[in-house]
Amino acid sequence: MTETAHNRTMFDRISPRYDLLNRLLSFGLDLRWRNRAVAMLGDLHGKTALDLCCGSGDFIAILFKKYRANINLIGVDFARRMLDIGRLRFMAAPHASIILCQGDALFIPCGDRTIDAVTIGFGIRNIDDKPAALKEIHRVLRAGGRLAIVEPSIPKNPLWRTLFSFYFGRVMPFVGGVISGDHGAYQYLHDSVAAFPDPDDFVALMRSAGFANASAIPQTLSTAMIYFAEKA
Ligand SMILES: C[S@@+](CC[C@H](N)C(=O)[O-])C[C@H]1O[C@@H](n2cnc3c(N)ncnc32)[C@H](O)[C@@H]1O
C-alpha cells in the first residue's frame, strides 16, 4: 500500500470519533484557532472558499455559520468516510451552497483562479509533498486570494516544549487510541507533528510557491500556528 493510500484508510478508520477527539484533545482551542484563521481571510460575502483536507467539515461549519447562504463552500478530502460524516452534518442546511468532494490536495479538482480563499485545518502536515500542495493552492486562488492554515506546533520555550512533547507523545496517543480504538493513528499524528517543518521554514515554502505576505502567527503559547499568505 502506498503512503497516500495508507493515510486515506487511516483517516477513514478514525472518522467516527475524529471530531470528538479533536475537540477533546485540543481542549476546544482548535475552534478558537479556526475562528481566527477565518477572520484573517477578510470579507467573503458572495465569494468562493475551499477547505482543503476538509475532513468532516469543521472549517466549512464555521464559514457557513458566519456567511450562511452568502458564500460558496467547497470541501476536498481524499477520505470518503470523513466526507460522509460531513455530508450528514450539512444535510440540515439545504439552502447552502456546500459541495464536499473526494479528491487529492495534490490535484485539486478546481480550475485555475476560481477560488477566493483556502483554509486547511490540521491537514497539510499529512501531505508529503508540501511544496507541490502549496503550488496547487496557488494555482486555484484568484489574485488577492488568501490562504490560512492551522497546524499544531512544537513550542520553542523549553518548559512548554517538554510539556507539549509529553502531552503529544504520551497522553494524546493513549487517549486517542482508547477512544478511537486506533492507537497507531494517534501515534502517527504525533509523529507527523514532530516531522513538520519549523514555522520559518514553512513560511519560506509558502514564499517559494509564489505567495506574498507569508507569515506564521503563534497561537496559545506557540502550541499551534496560523500560517497566512496571499496570492499577489
Ligand atoms: C487531521 S484531519 C483534519 C480534518 C479537518 N481539516 C479538520 O480541521 O478537522 C486531516 C485530513 O486530511 C485529509 N488528507 C490528508 N492527505 C490528503 C490529501 N493528499 N488529499 C486530500 N485530503 C488529504 C485526511 O483524509 C483527513 O481528513
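Mentor: Start with Ala132, which sits in helix H5, residues 130-140. Keep in mind that this is a predicted model.

Trainee: Is Ala132 called buried, partly exposed or exposed, and why?

Mentor: Its relative accessible area is 26%. Buried needs under 20%, and exposed needs over 50%. The value falls in between, so Ala132 is partly exposed.

Trainee: How far apart are the C-alpha atoms of Ala132 and Phe107?

Mentor: They are separated by 9.3 Å. Along the chain, the two residues are 25 residues apart.

Trainee: Now Leu159. Where is it found, and what label does its accessibility give?

Mentor: Leu159 is in helix H6, residues 158-180. Its relative accessibility is 57%. Exposed means over 50%, so Leu159 counts as exposed.

Trainee: What about Gln219: which strand is it in, and why does it get its label?

Mentor: Gln219 belongs to strand E6, residues 211-219. Its relative accessible area is 3%. That is under 20%, so Gln219 is buried.

Trainee: What does the side chain of Gln219 reach?

Mentor: It reaches the backbone oxygen of Ile217, at 3.2 Å. The cut-off for a polar contact is 3.5 Å, so this distance is within it.

Trainee: Next, salt bridges. What makes Arg13 and Asp182 a salt bridge?

Mentor: Their closest N and O atoms are 2.6 Å apart. The rule asks for a side-chain nitrogen of Lys or Arg within 4 Å of a carboxyl oxygen of Asp or Glu, so the pair qualifies.

Trainee: Which parts of the chain does the pair link?

Mentor: Distant ones. Arg13 is in helix H1, residues 3-25. Asp182 is in the loop between H6 and helix H7, and the two residues are 169 residues apart.

Trainee: Which labels do Arg13 and Asp182 get, and why?

Mentor: Arg13 has 43% relative accessibility, so it counts as partly exposed. Asp182 has a relative accessible area of 11%, which is under 20%, so Asp182 is buried.

Trainee: How do you know that Arg87 forms a salt bridge with Asp84?

Mentor: The closest N and O atoms of Arg87 and Asp84 are 3.4 Å apart. The cut-off is 4 Å, so the pair passes. Both residues lie in helix H4, residues 80-90. They are 3 residues apart, about one turn of the helix.

Trainee: What labels go with Arg87 and Asp84?

Mentor: Arg87 is partly exposed, at 36% relative accessible area. Asp84 is partly exposed, at 30%.

Trainee: What makes Asp116 and Arg142 a salt bridge, and which strands hold them?

Mentor: Their side chains meet at 2.9 Å, N to O. That is within 4 Å, so the pair counts. Asp116 is in strand E4, and Arg142 is in strand E5, 26 residues apart. Asp116 is buried at 15%, whereas Arg142 is partly exposed at 34%.

Trainee: Which residues do salt bridges that share partners join into one network?

Mentor: Arg23, Asp30, Arg34, Asp58 and Arg89.

Trainee: How many salt bridges does the rule give?

Mentor: The count comes to 13.

Trainee: How many disulfides does a search of the whole structure find?

Mentor: It finds 0.

Trainee: Last, the ligand. How many residues surround it, and which are the closest?

Mentor: There are 18, and the closest are Arg34, Cys53, Asp77, Ala105 and Gly121.

Trainee: How much of the ligand does the protein bury?

Mentor: Taken alone, the ligand exposes 590 Å², and the protein buries 98% of that.

How values were computed. Residues are numbered from 1 along each chain as its sequence is written. This is a predicted model: local features need pLDDT of at least 70, side-chain atom pairs count only at pLDDT 80 or more; totals for chains, interfaces and linings use all residues. Side-chain values use heavy atoms; hydrogens and water are left out. Helices (H or I, at least four residues) and strands (E, at least two) are DSSP runs, numbered from the N terminus. Buried means under 20% relative accessible area, exposed over 50%, partly exposed in between (1.4 Å probe, protein chains only). A disulfide is a pair of cysteine sulfur atoms within 2.5 Å. A residue is near a molecule or strand if one of its heavy atoms lies within 4 Å of it. Accessible areas come from the Shrake-Rupley method with a 1.4 Å probe; for residues, only the protein chains shown count as cover. A polar contact is a pair of N or O atoms within 3.5 Å; within protein, one must be able to donate a hydrogen and the other to accept it, and residues adjacent in sequence count only if both atoms are side-chain atoms.
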